Amino acid sequence: MGHIIHILCHTLNNDETLHYHTYGNFAARTAQNIIKHSSKYKCQVWCAVNNLDKKTEFKKGSIVYKLYPASTFNKLLESFYGIISCPQLLSDIGRLDPKKTVISFQGERSSLIHTILRTYPNYKYTLQYHGYGQPKWLNWVEDLFLVPIERQTFPFISQFFVHIQGRIRYLKDKIQIPEGKISFQNVGVDFNKFKPLSKIKARKQLRLPQDAFIILYVGRMVKTKGIDKIVKAYQILKERHNHIYLMLIGGQKEDPMYAKAKDVADKVIETINNADLPLYYNASDVYCFYGDEKTIQYAGVGTAPTEALACNMNVVSTNLLHIPQYDTKRIGFVPRNFDDFVSQIEYLITHPHFKFNPRRNVALYTSFENMTKNLINSYEKLLS
């Protein structure tokens with residue numbers, strides 16, 4: 001039986017959110033879906049955790065979870081390139097059988113990945129891109145420092161799963177990865193979990209106003225994801241449409257836009273159980289996302305917008321353009337600029353019965369079921 005070790009490329013914090021993120025991070029979600037679709041593999045999820053005193057190991061279902069003490073140079077820097085130290089995790093990889101093991105990285109940018117690849121070049125590796133955002137003036141950092149590192153270590157990776165066209169070109173042209181080792185694949189969401197529900201019942205259960213037009217955003221409160229634009233658009237539209245309601249989920253107190261957003265929004269929720277998220281999507285009228293230039297180029301569609309699409313929500317997002325055939329399949333609004341963003345939200349406010357119904361059109365590129373089948377096929381080839 002093959003062993004798949006799913007490693008998260010960024011750190012978790014040892015705080016009240018640890019339990020939530022341990023079982024809800026991308027490495028854990030991927031492992032959970034592989035177990036559902038195949039009995040050929042044993043899965044483990046390994047996470048580097050800040051301020052953790054000692055290694056912790058436990059089993060939930062058939063998946064083994066391992067939390068390792070770690071340190072990060074700067075948590076916010078991890079959205080671009082995390083400088084992470086996790087000695088025990090590195091040591092434990094050396095105890096694995098390289099002939100029966102595939103190490104699956106979730107996320108592409110951290111020193112942890114490159115340290116593992118340099119230390120154990122004889123293992124089989126896959127890497128799922130998640131995307132990131134960075135200011136344009138940081139391009140020189142990528143070219144000067146990161147490209148040379150990735151040229152050295154990325155050839156040790158057997159298969160790349162990438163959902164951003166610009167990053168596919170980057171891997172082929174700058175890192176010189178053969179085209180056969182790159183697959184177009186989104187991270188994906190569980191379409192059995194994120195699905196349409198009754199808006200009336202969802203609002204009743206969550207105690208949200210039935211007569212409001214609810215604008216939703218889920219994620220960290222940072223400008224790269226457009227939280228400043230969403231708040232500004234809400235303030236403009238609130239003057240013309242008093243019944244609109246802004247709900248923000250997932251921000252942390254240390255986020256640079258947290259205080260401003262909390263001051264303006266009608267409801268702010270820092271952390272909720274991932275199992276409850278479908279209720280919040282279905283209770284809302286529109287999901288909004290407005291990436292900056294780099295985020296539009298390199299961050300992909302994003303997990304929360306994808307979950308909203310799976311719930312058949314109307315979505316206004318700059319990053320829908322990463323979904324193949326987005327321009328012909330009518331999956332949502334893609335704003336050209338801020339004024340267009342405001343105009344598109346207002347159109348939905350004034351046309352409350354208008355629906356894109358995008359779920360069916362995006363399933364091929366965004367459902368966990370399709371993505372998991374592709375992963376399993378790759379594991380079979382690597383371990384055969």
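Begin by selecting strand 12 (residues 244-249) and strand 13 (267-269), which pair in the parallel sense over three bridges. Two strands count as paired if DSSP finds at least two bridges between them; strands are DSSP runs (E, at least two residues) and helices are DSSP runs (H or I, at least four residues), numbered from the N terminus. Within this pair, L248 stands opposite V268 in strand 13.

The model is predicted, so to speak of local features requires pLDDT of at least 70 and side-chain atom pairs count only at pLDDT 80 or more, whereas totals for chains, interfaces and linings use all residues. Residues are numbered from 1 along each chain as its sequence is written, and side-chain values use heavy atoms, without hydrogens and water.

Five strands form an open sheet with parallel pairing, in the order 13-12-11-14-15. Strand 13 and strand 15 (314-317) each have a single partner strand, so one side of each lacks a neighbour in the sheet. On average, neighbouring strands are turned by 20 degrees against each other, direction ignored. Axes here are lines fitted to C-alpha atoms (for helices, over the stretch in contact), and angles between N-to-C directions run from 0 to 180 degrees.

Helix 8 lies across strand 11 (213-218), strand 12 and strand 14 (286-289), and runs at about 165 degrees to strand 12.

Then select I345. Apart from its neighbours within four places in sequence, I345 is in contact (heavy atoms within 4.5 Å) with I215, A233, L237, C288 and V316. I345 is among the residues with the most contacts inside the largest nonpolar core, which has 66 residues. Such a core is a set of buried Ala, Val, Leu, Ile, Met, Phe, Trp, Tyr and Cys residues joined through side-chain atoms within 4.5 Å, where buried means under 20% relative accessible area (1.4 Å probe, protein chains only). A second, separate core of 35 residues includes C9, A48, C86 and L117.

Finally, select helix 15 (residues 368-383) with two other helices. Helix 14 (residues 359-366) packs against helix 15 at about 20 degrees, with axes 6 Å apart; the two are therefore roughly parallel (under 35 degrees). The axes of helix 2 (residues 26-37) and helix 15 come within 10 Å and cross at roughly 80 degrees, which makes these helices roughly perpendicular (65 to 115 degrees). Among the residues that meet there are R29 and I34 in helix 2, and E369 and L375 in helix 15.

Methods:
Buried < 20%, exposed > 50% of the residue type's maximum accessible area, 1.4 Å probe, protein only. Parallel < 35°, antiparallel > 145°, perpendicular 65-115°, else oblique.
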